[in-house]
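The following exercises concern the overall build of a protein chain. Please work through each task before reading its solution.

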Amino acid sequence: MPTFIHGKNTAVYIDEFDLSSYFNDVSVTLDNDTAETTAFGDTNKSFILGTRGGTLSMSGMWAADTDGSDEELQALLGNATTPILTIRQGAAAIGSRAIIAQANETNYAISNPVADVSTISADFECTPNQVSNLTFALAGGVQLTAGASIAHGSLGDLSSVDNAASSANGGAGTLHVPTNTVGGNTTIKIQHSANNSSWADLISFTVVGSSAKTSEIKAVSGTVNRYLRATASTAGSSGSITFMVAFARF
Amino acid sequence: MTEVRMSKYIATGGATGEADIEIAGKTYSAGDTVELVGKKDLWLVEQGYLKATSKQTSKGDK
């Protein structure tokens, strides 16, 4: 029997911001261009496949908060740096599905109806950039963190996710740090394992500075072992950090 | 007599030269010497995270 999930648990991370509380709808679309090859004498139309693409469309509520929907969506429009996005599907739990992407914001709209809340909508067009083998410029993967705040003294190895088998074509991982009060550098990694016992670093994200908010996407090639986990450590002696890590296999 | 076969390896850092590995809760960086007991962690050798440094040794306790 299929396992369905409710859309209410969706979360939206764009760069170093968790904008989930501003959105109430996210749509992801994958498409593949075709070119028609129908010739004289043919009875049926025929096509050949062209290039693939992905888009994300979001809508929700307008707010003028610092780091809120209006401020960030205005700032991202036309930004030279392509935003990094992670869309969590389902519960905020390690192992839940997530979609990761790099995508330029191509449209931002504000609506102010006389009898309703002011709303926003934004469209993002995916582009592979640093991750050239990111099919459709977005990929489905898994959450390796629950996206919850972790105190500096409780950082360490998080629970592993079992993919049931290894994969051979690499993958990409995303990191979003929307909240950080740790008084020191924090190192965040994705590790993989063939036996869920011994581990090797798969992706080492750039060290997160004291109280820094950041985001990053990194790709790897080759074997990705059956088990994945996120791990974090800090030399800081105060504060906490909220971070989302997701990984998609190619 | 119980025989424990141990092999010594050096952590390579993997393809990037910077990857740490963790075995039995202990973290090893590139250049560190690692002793493996048994076969369950040999995937680290097969995938290039460890390379052999010496012939296998045997330690027995009677």
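This is a predicted model: local features need pLDDT of at least 70, side-chain atom pairs count only at pLDDT 80 or more; totals for chains, interfaces and linings use all residues.

**Exercise 1. Secondary structure and domains.** State how many helices and strands chain A has, and describe how the chain is divided into domains.

*Solution.* Step 1: chain A contains 1 helix and 16 strands. Step 2: domain 1 covers 7-35 + 50-140, while domain 2 covers 144-249. Step 3: the centres of domain 1 and domain 2 of chain A, taken over C-alpha atoms, are separated by 22 Å. Step 4: contact requires heavy atoms within 4.5 Å. In chain A, 22 residues of domain 1 are in contact with 22 residues of domain 2.

**Exercise 2. Overall dimensions.** Compare the radius of gyration of chain A with the value for a compact globule.

*Solution.* Step 1: for 250 residues, a compact globule would have a radius of gyration near 18 Å. Step 2: chain A has 20 Å, which agrees. Step 3: along the principal axes, the C-alpha atoms of chain A fill a box of roughly 75 × 55 × 40 Å.

**Exercise 3. Burial and surface.** What percentage of the residues of chain A count as buried?

*Solution.* Step 1: a buried residue has under 20% relative accessible area. Step 2: 44% of the 250 residues of chain A count as buried. Step 3: the accessible surface of chain A is about 11600 Å², and carbon and sulfur atoms hold 49% of this surface.

Conventions: Residues are numbered from 1 along each chain as its sequence is written. Chains are lettered from A and ligands numbered from 1 in the order in which they are written. Side-chain values use heavy atoms; hydrogens and water are left out. Helices (H or I, at least four residues) and strands (E, at least two) are DSSP runs, numbered from the N terminus. The radius of gyration is taken over C-alpha atoms; the globule rule is 2.2 Å times the number of residues to the power 0.38. Buried means under 20% relative accessible area, exposed over 50%, partly exposed in between (1.4 Å probe, protein chains only). Accessible areas come from the Shrake-Rupley method with a 1.4 Å probe; for residues, only the protein chains shown count as cover. Domain bounds come from an automatic or database domain assignment.
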